[in-house]
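Please keep the sequence and the structure in view while reading.

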Amino acid sequence: AGPNFKLNTGATIPAIGLGTWQSKPGEVKDAVEYALKEVGYRHIDCAWAYGNEKEVGAGIRASGVPRSEVFITSKLWCTYHRKVEECLNQTLANLGVDYLDLYLIHWPVPLNPNGNDPVFPKLSDGTRDIDWEWSIKDTWKQMEAVYKQGKVKAIGVSNFSEKKLEEILPTAEVVPAVNQLEIHLWNPQHKLMDYLKSKDILPQAYSPLGSTNSPMLKDDDVVQYAEKYGLQPADILLGYLIAKDIVALPKSVTPARIKSNFTGALAAASKLTKEDIAKLDAVAPGGKQKRFIAPPWGVDLGFENWP
Ligand code: A2P
C-alpha cells in the first residue's frame with residue numbers, strides 16, 4: 001500500500017488510484033484484479049458513463065481483497081442530475097457493492113433525461129441537449145441526501161471550475177470532499193489548486209499522463225528527471241502530482257504499466273526535491289498549457305484555458 005491523503009470527512013484516501021475510463025470490458029476485469037492482488041492498489045476510480053462497472057466489480061471480487069480495504073469512487077452521469085439516487089443504485093448494482101467511498105457529480109452539466117440518447121442526448125443541430133431548467137445546486141442537494149443515507153461515505157464534484165463551485169457552495173450543507181479534474185504537468189491549474197486548498201477540497205487528477213499517446217511523456221524536463229533518477233517519464237508525471245498532495249488516477253490495462261505506475265510514482269514522489277517541483281511547476285506557462293480532454297458541452301464551464 002502507498003501513501004494516503006485525508007478527506008475533509010476525516011476518511012483516508014489512497015494517493016494513487018487506478019483509472020478505468022476507456023478500459024474496455026474484457027480488459028478491465030483483469031486490470032483491476034491485477035492492480036489489487038499483485039501490485040497493492042487500494043483505490044479504483046469508476047463512473048456510470050464508462051460503461052464497464054460490471055467488469056470492474058468482477059475484478060474487485062476476483063482480487064480477493066475485502067471490500068472494506070478498497071476505496072471505490074464512481075460518478076453521477078449528466079442525464080441523472082434530477083435523479084441522483086437512481087444513477088447511484090445502478091452503479092451499486094453494476095459494481096456489486098452496497099456503498100461507495102466517494103460519489104462525484106461527473107460534470108456540472110445537466111443533460112436532458114428524456115432526450116434522444118441515454119448518455120449523450122443531442123438536439124437536431126447536433127449540439128448537446130442541455131437541461132437548462134435544472135440547477136446544479138439541486139443536484140448537490142440530492143448528493144447530500146444519499147450521503148446522509150449512508151449509501152456513499154463522501155461526496156464531491158468533478159470538472160468544476162471555481163465559478164461552478166461558487167454556484168453550489170452558498171447553499172451546500174456538505175462541502176465537497178474532492179474535485180476531480182484534468183490536472184497534469186501541462187495543465188496544472190495552480191490558481192484553482194490554491195482555491196481548493198482554501199476550501200479543504202482535495203484535488204484528484206484524471207488523465208495525469210496526458211491520456212492516449214501522450215506527448216507529455218516526451219517533455220524535455222520529464223525525460224531529464226527520469227534519466228536523473230533512473231525512473232520512467234510516467235513515474236515523474238505521477239510523482240510530481242503526489243508530491244503536491246494531488247491524488248493521481250493513471251489508467252492502464254497493461255500489467256507492466258499498472259505496476260510501474262504505482263511503484264514508480266511513489267519512488268518519484270520521494271526523490272523529487274522542492275527545487276525539482278518548483279521547476280516542474282513552471283513548465284506549463286512556458287507556452288505549453290494544454291488540455292487533452294475538453295468535450296464540446298456548449299456551456300461555459302468557467303475554466304481559464306478551455307479551448
Ligand atoms: P494502456 O492502458 O494501454 O496501458 P491517462 O491515465 O493520462 O489517461 O493515460 C492513459 C493512457 O496512457 C493509456 O493509453 C495507457 O495505455 C497509457 N499508459 C498508462 N501507463 C503508461 C506508462 N507507464 N507509460 C506509457 N503509457 C502509459
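A crossover is called right-handed if, with the strands pointing away from the viewer, the path from the first strand over the helix to the second runs clockwise. Helices (H or I, at least four residues) and strands (E, at least two) are DSSP runs, numbered from the N terminus. In this predicted model, local features need pLDDT of at least 70 and side-chain atom pairs count only at pLDDT 80 or more, while totals for chains, interfaces and linings use all residues. Residues are numbered from 1 along each chain as its sequence is written.

**Confidence**

- pLDDT is the predictor's confidence in each residue, from 0 to 100; the protein chain averages 96, and 99% of the residues score at least 70.
- For the complex, the predictor gives an ipTM of 0.99 and a pTM of 0.98.
- Where pLDDT is low, the predicted coordinates should not be read in detail.

- A residue is buried if 20 or more other C-beta atoms lie within 10 Å of its own, exposed if 12 or fewer, and partly exposed in between, with C-beta atoms placed from the backbone.
- Strand S8 (residues 178-182) is largely enclosed by the rest of the structure, because 5 of its 5 residues are buried.
- Val178, Gln180 and Glu182 point one way from S8, whereas Asn179 and Leu181 point the other way.
- Two strands pair if DSSP finds at least two bridges between them; strand S7 (residues 155-158) pairs with S8 in the parallel sense over 2 bridges.
- Opposite Asn179 in S8 stands Val157.
- A right-handed β-α-β unit is formed by S7, helix H5 (residues 162-168) and S8.
- S8 also runs parallel to strand S9 (residues 202-206), to which 5 bridges join it, and Glu182 has Tyr206 in S9 as its bridge partner.
- From S8 the chain crosses through helix H6 (residues 190-199) to S9, in a β-α-β crossover that is right-handed.

**Two loop residues with positive phi**

- Asn159 has a positive phi of about 60° although it is not a glycine, and Asn159 is found in the loop between S7 and H5.
- Asn159 counts as buried because it has 23 C-beta neighbours inside 10 Å.
- Asp245, another residue other than glycine, has a positive phi near 60°.
- The loop that holds Asp245 lies between helix H8 (233-243) and strand S10 (247-248).
- Asp245 has 14 other C-beta atoms within 10 Å and is therefore partly exposed.

**The surroundings of the ligand**

- A residue is near a molecule or strand if its C-beta atom, placed from the backbone, lies within 6 Å of it.
- Of the 18 residues around the ligand, Leu209, Ala234, Ser252, Thr254 and Arg257 come nearest.
- Helix H9 (residues 255-271) supplies the largest share of this shell, 3 residues.
- The shell divides into 6 nonpolar, 10 polar and 2 charged residues; Ala, Val, Leu, Ile, Met, Phe, Trp, Tyr, Cys and Pro count as nonpolar, Asp, Glu, Lys and Arg as charged, and the others, Gly among them, as polar.

**Annotations from UniProt**

- UniProt positions are given in the numbering used here, feature names are shortened, and annotations may be inferred rather than shown by experiment.
- An unreviewed UniProt entry places "domain: NADP-dependent oxidoreductase" at residues 16-283.
- The end C-alpha atoms of residues 16-283 lie 23 Å apart, and the span is 42% helix and 12% strand.
- The UniProt annotation "active site", from an unreviewed entry, covers Tyr50.
- Tyr50 is found in the loop between strand S4 (43-45) and helix H2 (53-63), and Tyr50 is buried because 22 other C-beta atoms lie within 10 Å.
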